[in-house]
Amino acid sequence: MQFHHHGYVSGDPRTQPAAGVGLDRPDDLPDEVDVLIVGSGPAGMVAAAQLAQFPGVSARVVERRAGRLEVGQADGIQARSVETFQAFGFAERIIAEAYRITEMNFWKPDPQDGARIVRTARTQDDPTGISEFPHLIVNQARVLDYFAEAAANGPARLRPDYGLEFVGLEVDTGGTAYPVTVTLRRTAGERAGQERTVRARYVVGCDGARSPVRQAIGRTLAGDAANHAWGVMDVLAVTDFPDIRTKCAIQSRAGSILLIPREGGHLFRMYVDLGEVPEHGSAQVRATTIEQIIDQANAILHPYTLDVRHVAWHSVYEVGHRLTDRFDDVPDAEVGTRTPRVFITGDACHTHSAKAGQGMNVSIQDGWNIGWKLGHVLSGRAPAALLQTYSAERQVVAKNLIDFDREWSSLMAAKPEELEDPSILEEFYVKTAEFPAGFMTHYTPSMITAEDTHQSLARGFTIGKRFKSAPVVRVADTNPVHLGHHARADGRWRIYVFADAASPGAVSPTADLADWLATSPDSPVLAYTPAGEDLDAWFDVKVVYQQHHHDVDLGQVPRIFLPRVGPFQLIDYEKVYAADPENDIFELREIDRSGAVVVVRPDQYVSHVLPLTATAELAQFFAGAMRPDRAGAPA
């Protein structure tokens, strides 16, 4: 974390100085806003935390509840989400309070006595080292708390407006400045029941599976139900089941349980198989009591017993897999010709079972995706066409998720005797580990994702996939660090320069590129960074040398990699790195020794890989991703 460059900071450095709309933020919801976020769930709060980094953007979050969420239904935190927490500045703190999954155990009927269950397999949660970040379990409410803190501490000082529910909206396609008129109703306080309207440039619906925003733009969830019911409960209990503090898939003749230990050392969650739902039997299944769920859990666990002492939360649900065809308000006939004005995220546009732990995780990435794009368009960095990539990118991800979850939930619901291979569940869990961890997302070419023409220069940084961090050594202070962990969710593009073998100061492609970035009018750093802003305000340019850090002379490093920042124009020393001799990033990520440029977008996905000499291609790429008139008016 860097601070003090604007003067001495004696308080919490995570609280950034207020700026722009955060300087005199009104308590009451204004009549006009740039972005109105409906719903303070995972997608909504991530979008808010991202938009809080754009002080010139007026954004508000409305939530029908009277206050913060207290008991969340989601709890699984995949490694990609923890990477995201790192970018928003709270990964270490949430890891400290979370339960960490390191293994998953599998239980099946005893071959000697099918009425009993026995442990049949133990599997590592991440045997191939997909990520340096852990797989966690923590209450959704705490995740929202941390994102709310990030939003409140951002320059725009964004906080939810509680007690306001969405009623409806109308979109004016006539070119008005605030084309979306939203009707809201107060749900709490002295003015409960009163309605008011707000005009917005854009609306983001993060309002759940029954989303009124989705209904208002005419989108529908299409799909099917698996006609299988599950009871889920968070409980404190006394049991003789030996793996109660280990994630388990339990399959017995009486049904199945997915056991997930919770944070705090005592609480755990059970998804308890309630069996097939008969035709027209949904109402009866939903009336299942907590006592019946506990009785079914005991039947499945035999010969072990479960003595529940306290129920924190429980529910009954039927598995369903549903998806909307688009995630915005643009009719099919107008795609590519009209700017979307309303977006839907999370459960509003994709629903599935809870057992793969994907709902909150995919929603987080939905929120980040639309958040930075709205920030760029509204701050004049990017053309409005950027917003068309949201639905194009995230709808495919949701479709892949539903396909995965359909197979996983079917295997979980199957009785052992119905499976051709008794070990198929654990094999599926291991071989598909990269998908539920959140790392299979692969965006296709677009205005912000290039073709893979030069992919061979950095095979470990796949274009369209998330930037996979690796160890390096920060030259200035000799600290071993992870290169990607320094990338904050601050809305900036990253340009990583992996140097050729020449030392700093020598004539080389790296030196030529550095000079072009610092002096050429075609350099994105000079072409788009507004006058008066720090050199790295919009583009975070870093270099990684192949030499040992002792052999990198900072006095010879080009100035583009040592920019001067803040009102005192202090040198930023945290952009110059060297390969770690024990974990050489050039070898780990298969980077050509002739060097390469890796361009990473604000949400950590790789946009381009280029040779060090490809300055024209680099300029051309950003000409498509940025506004040609630099800081233009909001779209």
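Student: Does Cys206 count as buried or exposed?
Tutor: This is a predicted model, in which local features need pLDDT of at least 70 and side-chain atom pairs count only at pLDDT 80 or more, whereas totals for chains, interfaces and linings use all residues. Residues are numbered from 1 along each chain as its sequence is written, and side-chain values use heavy atoms, with hydrogens and water left out. A residue is buried under 20% relative accessible area, exposed over 50% and partly exposed in between, for a 1.4 Å probe and protein chains only. Cys206 has a relative accessibility of 11%, so its class is buried.

Student: What is the relative accessible area of Cys349?
Tutor: Cys349 is in no disulfide either, its nearest cysteine sulfur being that of Cys206. Cys349 is buried as well, at a relative accessible area of 0%.

Student: How many disulfides does the whole structure contain?
Tutor: Cys349 has been seen to take part in none. A search of the whole structure gives a total of 0.

Student: What is the radius of gyration of the protein?
Tutor: The C-alpha atoms fill a box of roughly 75 × 60 × 50 Å along the principal axes, and 57% of the 635 residues count as buried. The radius of gyration is taken over C-alpha atoms, and the globule rule is 2.2 Å times the number of residues to the power 0.38. For 635 residues a compact globule would have a value near 26 Å, which agrees with that of the protein, 26 Å.

Student: How many strands are in the protein?
Tutor: Helices (H or I, at least four residues) and strands (E, at least two) are DSSP runs numbered from the N terminus. The protein has 14 helices, and its strands number 27.

Student: What is the order of strands in the open sheet of 7 strands?
Tutor: Strands of a sheet pair through backbone hydrogen bonds, either parallel or antiparallel; here two strands pair if DSSP finds at least two bridges between them. The pairing in this sheet is mixed, and the order is β20-β19-β25-β22-β21-β26-β27.

Student: Which strands stand at the edges of that sheet?
Tutor: An edge strand has a single partner, so one of its sides is left without a neighbour in the sheet. The two in question span residues 479–482 and 606–610 respectively: β20 and β27.

Student: Which residue of β25 is the bridge partner of Val543?
Tutor: Strand β25 (residues 576–579) is joined to β19 (residues 471–474) by 3 bridges and runs antiparallel to it, with Val473 opposite Ala578. On β22 (residues 539–545), 3 bridges join a parallel pair. There, the partner of Val543 is Val576.

Student: Which residues of β25 point the other way from Val576 and Ala578?
Tutor: In a regular strand the side chains alternate between the two faces of the sheet. In β25, Val576 and Ala578 point one way, and all four residues are buried; pointing the other way are Tyr577 and Ala579.

Student: Which residue of β20 is the bridge partner of Arg474?
Tutor: Arg474 also pairs with Tyr577 in β25. Between β19 and β20 there are 4 bridges, and the strands run antiparallel. In β20, Arg474 is partnered by Asn479.

Student: What is the angle between the planes of Trp107 and Phe241?
Tutor: Their centres are 4.8 Å apart, and the pair is tilted. Trp107 lies in β5 and Phe241 in the loop between β12 and β13, so the pair ties together parts that are 134 residues apart in sequence. Both residues are buried, and the angle between the planes is 50 degrees.

Note on methods: Phe/Tyr/Trp six-rings, centres within 6.5 Å; stacked < 30°, edge-to-face > 60°. Disulfide = S-S within 2.5 Å.
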